[in-house]
Amino acid sequence: MASNKQFFVTLAIVAIILPSTASATDYTVGDDSGWNNKFDYAAWAKDKQFYVGDTLSFMYTPGSHNVFKVNGTEFDQCIKPEPQLALATGNDVITLATPGKKWYMCGVAQHCAGGQKLFITVQDASSAANGIFASGYQIVMIATVAIGAMFAMA
Ligand SMILES: [Cu+2]
């Protein structure tokens, strides 16, 4: 019954790995509109849940805009940091590595004052509802696989 054992081992690996890889989301900021000065990013972020491990992609024509990660005061007052801190490739991908509040703004002209700024709150994946779901799912799958393996080896 070697083939049955292989099947359950494969199932066990898939069951344990799948939920943890499926939970990371890549958000294109502004979706099809990208990163520009004619979009409401507060409305875009409002109904989204951001977790550690997710990524933000800022898409724009290089030179027309840029991206600064700033603090809350800089965000509120549109204070531009040192120019060399700007992300400016036009396809800037930021991984949300830690939980907490994150602020981003465009440093070109008066775009920030015009609304080209993004504020999000990143949640710790392990404390989030989907984290609890994932670990519960894993326990159920491991138990199922263990019972199946016992039958397979009998
Ligand atoms: Cu801009």
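**Exercise 1. Identify the residues with the most contacts inside the largest nonpolar core, and the elements that contribute to this core.**

Solution. The largest nonpolar core holds 18 residues. A nonpolar core is a set of buried Ala, Val, Leu, Ile, Met, Phe, Trp, Tyr and Cys residues joined through C-beta atoms within 7 Å. Val29, Phe58, Val67, Tyr104 and Met105 have the most contacts inside this core. Two or more residues each come from strands E3 (55-59), E4 (68-70), E6 (100-105) and E7 (117-123); strands (E, at least two residues) and helices (H or I, at least four) are DSSP runs numbered from the N terminus.

The model is predicted: local features need pLDDT of at least 70, side-chain atom pairs count only at pLDDT 80 or more, and totals for chains, interfaces and linings use all residues. Residues are numbered from 1 along each chain as its sequence is written.

**Exercise 2. Describe the open sheet of three strands.**

Solution. Its order is E1-E3-E5, with mixed pairing; two strands pair if DSSP finds at least two bridges between them. The edge strands, E1 (26-28) and E5 (91-95), each pair on one side only. From one strand to the next, the twist averages 20 degrees. E1 and E3 run parallel and are joined by three bridges. Asp26 stands opposite Thr55 in E3.

**Exercise 3. Locate Ala88 and state why it counts as partly exposed.**

Solution. Ala88 is in the loop between helix H3 (72-77) and E5. Ala88 counts as partly exposed because it has 18 C-beta neighbours inside 10 Å; buried requires 20 or more other C-beta atoms within 10 Å, exposed 12 or fewer, and partly exposed is in between, with C-beta atoms placed from the backbone.

Note on methods
Axes are lines fitted to C-alpha atoms, for helices over the stretch in contact, and angles run from 0 to 180 degrees between N-to-C directions.
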